[in-house]
Amino acid sequence: MSRAIPPAPPPARLPPVLAYAERKVRPSGAIDRAAARMVGAVRARLTGWEGRRYAGIARAAMARWADLAPLPDADLAAVRREAAAALRGRGDFPPDRVAEVFALVREVSGRVIGQRPYPVQMMGAAALLDGRVAQMATGEGKTLAAGLAAATAALAGLPVHVVTVNAYLAERDAGLMRPLYAALGLSVGVVSEGQEVPARAAAYACDITYCTNKDLAFDYLRDRIALGQRATDIRLKLRSLTGVPGATTPLRLRGLHFAIVDEADSVLIDEARTPLIISAPAGSQFEPATLTAALAVAAALRPGQDYGIDLNQRRVVLTEEGRHALDARLAGAGPPWRARVTREELIRQALSALHLFHRDEHYILRDGKVVIIDEYTGRVMPDRAWSDGLHQMIEHKEGCALSSARATLARMTYQRFFRRYCRLAGMTGTTGGVEAELWTVYGLAVARIPTHRPVRRVHHPDRVLPDEETKWQAVIDRVAALNRQGLPVLLGTRSVAASGAASARLSAAGLAHTVLSAAQDRREAEIVARAGGRDRITVATNMAGRGTDIKLDPWVAEQGGLHVIMTERHDARRIDGQLAGRAGRQGEPGSFEAILSLDDPLLDGHPVSRPLARALLARFGQPAGRWLLRWAQRRAERLHARMRGDLLRADRMQDRILAFAGHSE
């Protein structure tokens, strides 16, 4: 039976630090970057060794815990005070001190929340304190591992930001860990949507703050705007001495001390392709009639002759023939069409809206508005909009009221933002293929943490079928067979549109199921958590409900566990691995298989045409189909890595330009 120990009184606090703590990133030369890439490639092969380094800390903590477990609450509180005093004022985390605190937190956690961290979770927490990305398999308890590391750092006097991918996970994890933090005398805050500045500042002023990566980065950008883009220690102190009301209150954060990034591959890699932009309404640039004309002209242009579509880069390129066609078609048109640059940009945006951005795949319509869907998570992003007039063009295409165009006030990339933390660490289920990039860009080595129990997940060979229709028939047959056995099935798709297609086919086959749509809220986690029940069929995008445990019914566990079926490959192998990891968590039974087709969107724009691909499949069988899809996936991974590299180079160029102009941002 768990015992509740009284919350400790808050430890003595130093006066608030006026300086806005962050690490200054020095510009690197070409030789430095090349050396970093080489080191990253070597470290990518040492992930297993990095993880084994922390086994000794876990063993020492378990040995010390055996001494602490019999102590009464009063004696345990004394140990807590001694451990915090020993850590405070140091600039590092010595292994012996870390083991002492881990043992303490393990016992307090067992008494307060009824959970004691396993040795592998302590290994993961040690990796976080050491500034690593802890690669822990799906379902291995990353929430408690992060809480263990955050509590240790906070006891040392270091403010901690625990960064999650959505607001629900931030609130859930903070709620789970709050009793533990309170018992250790630590305060915890949660940053959520709709909070006013004072409430946000109060959340960030806590010892440990749970927040989403978007809220955190945009709050930082707003602080930079409030500080006039030129914040220094002296400037902040002078502002506080002026006595002017509001001289320091507009600030939300108190600096970038230590960040623990949950789902680090999603935040630091996948989302790093999109810059963070704060903008203000700038009025509508073009009238609806102009947008109507642009869409009509774009629809009349000839594909392949007047324009080409680069599906890999997701952009439209006008040919010389197309430019001449525009000149002839729009000669003598009104003011919006007179400037050639403006005219061609309007037509490119119209072509993009028509051919590159599709409803229920890249966006949905909600309450008469165009809402963007995150291609990696399947979640909606109501606070985002496409730039350069593309959002308004898509709104007009869909018959929605036009939103206001936006003017950029501040801009930053995730690469530049997270590198400014004095200490940075992360957790994820898989880092396959991006270990070198994590080191090159963020200076983060990967530590692979072993599983608590042996993995029992069964991987069936991939099946590749010639076309979409054949694939879906095979999927429905497989789901029906599993459903007759009573086994739960999680059907993973790549987009909301594909989820809708799967749902329609399941309904036609008379199979009752639940569809998880693009909604970033509590219901997402509830649906995924119930996916392990008997006879349940759940359709969801590959990343939906990431971070949520799927509980198996006892009968289901005896019969083989959850069966996951992937119907489309994602752009990154890591995300396919995350979907597979939904089955067989914490040593439970489970199985995974991929039923794919050569109509997979990954093969759009592939050098091997689909007729040739089908001929290869017919001639050489399944190995040829698997090879083609893996090749297409590797091409997509390399392309996205180049895009992130281009964004990072543009970031460096912006730094140089602003430094030359005398601005820090």
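**Close-up views of a predicted model**

**View 1. Aspartate 576 and arginine 569 form a buried pair.** Both residues, aspartate 576 and arginine 569, are buried (under 20% relative accessible area; exposed is over 50%, partly exposed in between; 1.4 Å probe, protein chains only). Their side chains meet in a salt bridge of 3.4 Å, N to O. A salt bridge here is a side-chain nitrogen of Lys or Arg within 4 Å of a carboxyl oxygen of Asp or Glu. By this rule there are 37 salt bridges. Side chains of opposite charge can pair when their charged atoms come close.

The model is predicted: local features need pLDDT of at least 70, side-chain atom pairs count only at pLDDT 80 or more, and totals for chains, interfaces and linings use all residues. Residues are numbered from 1 along each chain as its sequence is written, and side-chain values use heavy atoms, leaving out hydrogens and water.

**View 2. Arginine 252 meets aspartate 219 in a salt bridge.** The closest N and O atoms are 3.5 Å apart. The pair links distant parts of the chain, 33 residues apart. Arginine 252 sits in the loop between helix H11 (233–241) and strand S5 (258–261), and aspartate 219 is in helix H10 (residues 213–226). Helices (H or I, at least four residues) and strands (E, at least two) are DSSP runs, numbered from the N terminus. Arginine 252 counts as buried because its relative accessible area is 16%. Aspartate 219 is buried too, at 0%.

**View 3. Arginine 323 and glutamate 320 pair within helix H14.** Their salt bridge is 3.2 Å, N to O. Both lie in H14 (residues 320–329), 3 residues apart, about one turn of the helix. An α-helix has 3.6 residues a turn, so residues three or four places apart point the same way. Glutamate 320 has 48% relative accessibility, so it counts as partly exposed.

**View 4. Helix H3 has its buried residues on one face.** H3 (residues 55–68) has 14 residues. From first C-alpha to last it reaches 20 Å, close to the 20 Å expected at 1.5 Å a residue (1.5 Å times one less than the number of residues). Its buried residues are Ala55, Ile57, Ala58, Ala61 and Leu68. Seen down the axis of H3, they fall within an arc of 150°, so they line one face of the helix. The arc is that of the directions from the helix axis to the C-beta atoms.

**View 5. Seven strands make an open parallel sheet.** The order is S3-S4-S2-S5-S13-S1-S14. Two strands pair if DSSP finds at least two bridges between them. The edge strands are S3 (188–190) and S14, each pairing on one side only. S3 and S4 (residues 208–212) run parallel, joined by 3 bridges. Valine 190 has tyrosine 210 in S4 as its bridge partner.

**View 6. Arginine 448 lies in strand S14.** S14 covers residues 445–448. Arginine 448 is partly exposed because its relative accessibility is 37%. Its C-alpha atom is 4.7 Å from that of glutamine 135, 313 residues apart along the chain.

**View 7. Three strands make an open antiparallel sheet.** The order is S9-S10-S11. S9 (363–366) and S11 (380–381) are the edge strands. S10 (residues 369–373) pairs with S11 over 2 bridges. Isoleucine 372 has methionine 381 in S11 as its bridge partner.
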